[in-house]
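Biologist: I am new to this kind of entry and would like to learn how its features are read. Could we go through them one by one?

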Amino acid sequence: WTTPRLRGHVMVLFSVWWTLGTMAEACLAWLLLNNLGWRLLVAASAVPQLLFILMYPWLPESPHLLMAQAVAARAAVDGNGSKAGGAAAGDAAAAEAKAAGYEGEAR
């Protein structure tokens, strides 16, 4: 889902976010645990996930998933509306995906 040139930078960003999240959770525990109890700590820790669930309908799908769905849809039906009987539909979809710049394997 990312170019090989950027893959290392993206992995570093993932590591940084995990580290910052762990530090934020430790700070949150330090602030809330002694005074307000573990139940409020668990509730406060769930807020980011709840926000993500609320935003989920507006998040874009990954390009890999969209390409896989398009290839599957084209492979299921050929040009005249009948079921595809061979690899021709899959080959055509793979060629179209390659022409569009998708470098992965069309599935």
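Biologist: In which order do the elements of the protein chain run from the N terminus on?

Modeller: Helices (H or I, at least four residues) and strands (E, at least two) are DSSP runs, numbered from the N terminus. Here the order is α-α-α-α, with four helices and zero strands in the protein chain. This is a predicted model, in which local features need pLDDT of at least 70 and side-chain atom pairs count only at pLDDT 80 or more, while totals for chains, interfaces and linings use all residues. Residues are numbered from 1 along each chain as its sequence is written, and side-chain values use heavy atoms, with hydrogens and water left out.

Biologist: What share of the residues of the protein chain counts as buried?

Modeller: Buried means under 20% relative accessible area, exposed over 50%, and partly exposed in between (1.4 Å probe, protein chains only). By that rule, 8% of the 107 residues of the protein chain are buried.

Biologist: How many aromatic pairs does a search of the whole structure find?

Modeller: A pair of aromatic rings is described by the distance of the centres and the angle of the planes. Rings of Phe, Tyr and Trp (its six-membered ring) pair if their centres lie within 6.5 Å, and planes under 30 degrees apart count as stacked, over 60 as edge-to-face and the rest as tilted. The search finds one pair. The ring centres of Phe 52 and Tyr 56 are 6.3 Å apart and their planes stand at 65°, so this pair is edge-to-face.
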